[in-house]
Amino acid sequence: MYRFYTHMISTALLLASGTSAWAAEDTEQLRRDANRLFDPIPTQHPRIEDGEITSAQIELGRKLFFDPRLSRSQIISCNSCHNVGTGGADNVPTSIGHGWQKGPRNSPTVLNAVFNVAQFWDGRAQDLAAQAKGPVQASVEMNNTPERVEQTLESMPEYVDAFDQAFPDSDAPVSFDHMASAIEAFETTLVTPNARFDRFLRGEDTLDAEEQEGLSLFMSSGCAACHNGMNVGGQAYYPFGVVERPGADILPEDDKGRFAVTQTATDEYVFRAGPLRNIARTAPYFHSGQVWDLEQAVAIMGSSQLGVELDDSQVSAITAFLHTLTGEQPEVAVPILPASTQDTPRPE
């Protein structure tokens with residue numbers, strides 16, 4: 001990690017002196033350099049192509065994702081905080097959960113989450129199935145229990161049939177684990193390929209001069225040291241405030257990030273690098289959700305992570321590049337859900 005920081009600071013000095021490492025390179029050289037750091041989102045779904053997940057699991061997961069009866073109040077669904085119509089997030093600083101409680105952190109987007117190394121800002125869930133279990137049980141979110149969820153699902157014959165079809169080899173198809181697996185199957189389809197940046201990586205001239213300059217600055221300034229790979233981030237953990245710690249309004253002192261997971265002192269105020277795909281659609285920004293303007297977020301990252309005060313033109317160019325990360329979102333129809341029965345637990 002030390003070498004990452006050294007690279008970030010040294011390249012930041014180049015930027016501060018007005019020298020971009022890529023300023024003299026042509027578009028093809030810029031493309032070659034970008035392809036060494038980033039990968040385009042695939043247009044084909046590998047887990048479907050390989051038969052690892054089935055259409056029955058995806059369809060069941062779609063229903064469960066939208067079903068508020070997974071919550072104790074029966075008014076909060078996965079889609080409440082990860083709204084597929086608003087960039088896969090809820091566009092508020094922190095989500096509202098059971099009993100109108102405010103959650104502690106900004107809700108990350110579910111779009112392209114399958115490409116992250118782990119889920120949540122602190123990486124406490126290793127995959128989407130583990131992530132799906134957390135909010136259902138969290139008292140500040142859906143405030144439910146595995147037993148009550150299973151009772152709810154078993155009370156509706158249509159769900160029982162759907163679980164039988166999705167998990168035909170199981171002796172107990174309706175289960176909390178299978179609920180999470182089905183939601184994971186659906187969420188793996190929520191990818192956004194063919195962003196203009198993806199097409200640029202594949203050889204098309206889809207970025208204008210300012211966007212190319214923004215990409216060049218993004219790489220030469222050190223942003224790409226943390227925000228790289230297919231999801232342009234989401235692959236590793238870093239302190240928020242490598243050079244200069246932001247104020248408590250942006251970095252709340254009582255949220256120590258990954259430290260709560262590892263109990264390791266060096267993980268205090270360490271968070272997973274936010275994936276930047278579709279970032280223009282997911283304001284407000286950072287785990288605290290206290291910054292609404294993307295240009296302001298870029299400027300803050302420059303000073304706090306790189307120790308560089310980016311000028312207005314540099315901020316504008318990097319922001320223009322970030323807009324090219326908006327991909328083609330799959331259309332998701334809101335499902336007709338199974339009807340409750342006399343045996344379905346009542347909302348609390």
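**Figure 1. Overview of the chain.** Among contacts in the chain (heavy atoms within 4.5 Å) between residues at least 6 apart in sequence, 72% join residues at least 24 apart. This is a predicted model: local features need pLDDT of at least 70, side-chain atom pairs count only at pLDDT 80 or more, and totals for chains, interfaces and linings use all residues. Residues are numbered from 1 along each chain as its sequence is written, and side-chain values use heavy atoms, with hydrogens and water left out. Of the 348 residues, 54% are buried. Buried means under 20% relative accessible area, exposed over 50%, and partly exposed in between (1.4 Å probe, protein chains only). The accessible surface comes to about 15500 Å², and 51% of that belongs to carbon and sulfur atoms. Areas follow the Shrake-Rupley method with a 1.4 Å probe; for residues, only the protein chains shown count as cover.

**Figure 2. The buried side of helix H7 (residues 146–154).** Pro 146, Arg 148, Val 149, Thr 152 and Leu 153 are the buried residues of H7. They cover an arc of only 165 degrees around the axis, so they lie on the same side of H7. The arc is taken from the directions between the helix axis and the C-beta atoms. An α-helix has 3.6 residues a turn, so residues three or four places apart point the same way. The buried residues of H7 pack against helix H4 (55–66), helix H6 (128–137), helix H8 (157–166) and helix H9 (176–187).

**Figure 3. Glu 150 in helix H7.** Glu 150 counts as partly exposed, at 24% relative accessibility. Beyond residues up to four places away in sequence, Glu 150 touches Val 174, Ser 175 and Phe 176. Glu 150 and Phe 176 are 26 residues apart in sequence, yet 6.1 Å apart in space, C-alpha to C-alpha.

**Figure 4. The two sides of helix H8.** Tyr 159, Ala 162, Phe 163 and Ala 166 are the buried residues of H8. Their arc around the axis is only 100 degrees, which puts them on the same side of H8. On the other side of H8, Pro 157 and Gln 165 are exposed. The buried residues of H8 pack against H4, H7 and H9.

**Figure 5. The loop between H6 and H7.** This loop holds Val 140 and Asn 143. Val 140 counts as buried, at 19% relative accessibility. Leaving aside neighbours within four places in sequence, Val 140 is in contact with Gly 97, His 98, Gln 101, Lys 102, Gly 103 and Pro 104. Val 140 and Ser 95 are 45 residues apart in sequence and 9.4 Å apart in space, C-alpha to C-alpha. Asn 143 has a positive phi of about 55 degrees, although it is not a glycine.

**Figure 6. Backbone geometry at Asn 194 and Pro 284.** Most residues other than glycine have a negative phi, and most peptide bonds are trans. Asn 194 has a positive phi of about 60 degrees. Asn 194 lies in the loop between H9 and helix H10 (196–201) and is partly exposed, with a relative accessible area of 25%. The peptide bond from Ala 283 to Pro 284 is cis, with omega near 0 degrees. Pro 284 lies in the loop between S2 and H14.

**Figure 7. The largest cavity.** On a 1 Å grid over the protein atoms alone, a cavity is a set of points where a 1.4 Å probe fits but cannot get out; a pocket is an open set with protein on both sides within 12 Å along at least five of seven lines; lining residues have an atom within 4 Å of a point. Points are joined across faces, edges and corners, and a volume is the space filled by probe spheres set on the points. The count comes to 1 cavity of 30 Å³ or more. The largest cavity holds about 690 Å³ of space. Of its 37 lining residues, His 227, Gly 274, Leu 276, Phe 286 and Met 301 lie nearest its centre. H14 gives the largest share of the lining, 7 residues. By class, the lining has 25 nonpolar, 10 polar and 2 charged residues. Ala, Val, Leu, Ile, Met, Phe, Trp, Tyr, Cys and Pro count as nonpolar, Asp, Glu, Lys and Arg as charged, and the others, Gly among them, as polar.

**Figure 8. The largest pocket.** The volume of the largest pocket is about 590 Å³. It is lined by 34 residues, of which His 82, Pro 108, Phe 120, Pro 135 and Glu 141 lie nearest its centre. H6 gives the largest share of this lining, 5 residues.

Conventions: Helices (H or I, at least four residues) and strands (E, at least two) are DSSP runs, numbered from the N terminus.
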